[in-house]
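Dear colleague,

Please find below the structure I wished to pass on to you, together with its sequence. My notes on it follow directly after.

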Amino acid sequence: MIRASGLSAREARWLAIDAQFLGRPRPRARSGATLAQVEAVARALGVVQLDAVNVVERAQFLALFSRLGPYERSHLHALTGPGGALWEHWGHAASLMPADDEPLLRWRYDHGGTHVHGPAVRARVDAWEAHSTEYLAAVMQEVRERGPLTAGQLSDPRRRDGEWWERRSAGRQALTRLHGRGRLATWRLPSFEAVYDLPERVLAPETLARPTPTVDDALAALLLKAARASGVATVKDLAGYYMIQLKAARPVVADLVRRGGLEEVAVEGWTEPGHVLAGAAPRRPTRTTATLVSPFDSLVWDRARTRRVFDFEYRIEVYVPEPQRVHGYYALPVLFGDALVARLDLKADRKTSVLRVAGAYREPGIAQDAAADPIATELNTMRGWLGLDDIAVAPRGHFARALAAAVG
């Protein structure tokens, strides 16, 4: 149990790691994690963020690899789509969530998914919708009559050029907006292309038949899920997990504390109170292997929280011009024990069948002799899961020499 005096910084890390299913040993099944294990972890996380960047592997697959080790990617595809246990919508950005959580997100349909963007983007999208009512109706009718469709399969996709939202074809914009409004449901092909169909042909009838909760009840349920997946969190952390507006989350969290669903605790080094599920207790991590973590993983997606919990300054540099990058295009943090000990700029070079470490950087205070071997083992595990033949460590970064020797 948590002491009356609160949590130490280390205990807070233990809670965060354990809640994210990164503190216990991975399954040891010879054929890799099972479909049931993949589903159980996705359900426990509540939100698995989707991302198209495929320089190593897409974020949704990496998140499950971090927790389970090798598994068949077909398991995740099998859990989505018509009748699937997982459902794609705006959770933490575009995300996979338990399909039976759909009623908890219905309040978000009024925003059409644009709540996660700034006011300028929302204004452009809303203006486009207001001027496209006939086209939206035609797209909706076509999906209703023809069945599941990608944007490219629409009879009138209206391709166009432009920046971001305006770059998409009008058909893709229409499908995205109808999905955000809850009028369509979607899943991904192995190519990451989105397929759209009517919710009643994708979600289970019992899910669609469930009553729509009040907004406050839905927010309370989501914030409790966020607390369970965070271990310990400020109000802002909890709100950010499902991208709920902070001003809406604050009174709901306060009410959960009053009712005993959450407990408020002091955390060493934090300037704001932490919140934990009632009865939560820190457990020292027992995983002895290092863990590569996606830049879009729920352990680190909140950079301010990552700094506070792990004393780890992290920035994804995919969108940074190459001359200004410090750690590389796609640098993955490495968790070992209860610390983020390093970051590796990785690339799956599929043409040459090599997992390339373009840069390797150890965190201050981390003994490279202690970290190199576990990280080399994790790289080899990832190499095998990706179906690559070799690992190559480039001489970039102050950790590269030690890691290359361990890999060799």
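The notes below begin with the overall fold and then turn to individual elements and residues.

Please bear in mind that this is a predicted model. The protein contains 14 helices and 12 strands. Its radius of gyration is 22 Å, which agrees with the value near 22 Å that a compact globule of 408 residues would have. Along the principal axes, the C-alpha atoms occupy a box of roughly 65 × 55 × 45 Å. Of the 408 residues, 55% are buried. Among contacts with a separation of 6 or more, 65% are between residues 24 or more positions apart. The exposed surface comes to about 18,200 Å², with carbon and sulfur atoms supplying 52% of it.

Five strands make up an open sheet with mixed pairing, in the order E8-E9-E10-E11-E12. Strands E8 (291–292) and E12 (390–393) stand at its edges with a single partner strand each, so one side of each has no neighbour in the sheet. Within this sheet, E9 and E10 pair in the antiparallel sense over six bridges. Ala-331 has Asp-345 in E10 as its bridge partner.

Helix H12 covers residues 303–310, and its buried residues are Arg-305, Thr-306, Val-309 and Phe-310. Viewed down the axis of H12, these buried residues fall within an arc of 100°, so they line one face of the helix. They pack against three helices, namely H1 (9–19), H9 (215–230) and H10 (235–241). They also pack against strands E9 (331–336) and E10 (339–349), the two that pair in the antiparallel sense. At the N-terminal end, H12 is capped by Asp-302, a side-chain oxygen of which lies 3.1 Å from the backbone nitrogen of Ala-304. After the helix comes Asp-311, with a positive phi near 50°.

Arg-308 also belongs to H12. With a relative accessible area of 28%, Arg-308 is partly exposed, as this value lies between the 20% and 50% cut-offs. Beyond its neighbours within four places in sequence, Arg-308 is in contact with Thr-234, Asp-237 and Trp-270. The C-alpha atom of Arg-308 is separated by 23 Å from that of Gly-91, a residue 217 positions away along the chain.

Helix H3 (residues 59–68) has 10 of its 10 residues buried, so the helix is largely enclosed by the rest of the structure. Its buried residues include Phe-61, Leu-62, Leu-64, Phe-65 and Leu-68, and also Gln-60, Ser-66 and Arg-67. The buried residues of H3 pack against helices H2 (35–45), H4 (73–78) and H13 (368–386), as well as strand E1 (48–49) and strand E8. E8 is one of the edge strands of the sheet described above. Just after H3, Gly-69 takes a positive phi of about 75°.

Finally, I would draw your attention to His-89, which is located in strand E2 (residues 86–91). His-89 has a relative accessibility of 2% and therefore counts as buried. Its side chain forms a polar contact of 3.1 Å with the side chain of His-179. Apart from residues up to four places away in sequence, His-89 touches Ala-94, Ser-95, Met-97, Tyr-109, His-179 and Gly-180.

With kind regards

Key: Residues numbered from 1 in each chain as written. Predicted model: local features only at pLDDT ≥ 70, side-chain atom pairs only at ≥ 80, totals over all residues. Heavy atoms only, no water. Buried < 20%, exposed > 50% of the residue type's maximum accessible area, 1.4 Å probe, protein only. Helix = DSSP H or I, 4+ residues; strand = E, 2+ residues; numbered from the N terminus. Arc of directions from axis to C-beta. Contact = heavy atoms within 4.5 Å. Polar contact = N/O pair within 3.5 Å; in protein donor to acceptor, adjacent residues only side chain to side chain. Rg over C-alpha atoms; globule rule 2.2 N^0.38 Å. Areas by Shrake-Rupley, 256 points an atom, 1.4 Å probe, with all protein chains shown as cover. Pairing = 2+ DSSP bridges.
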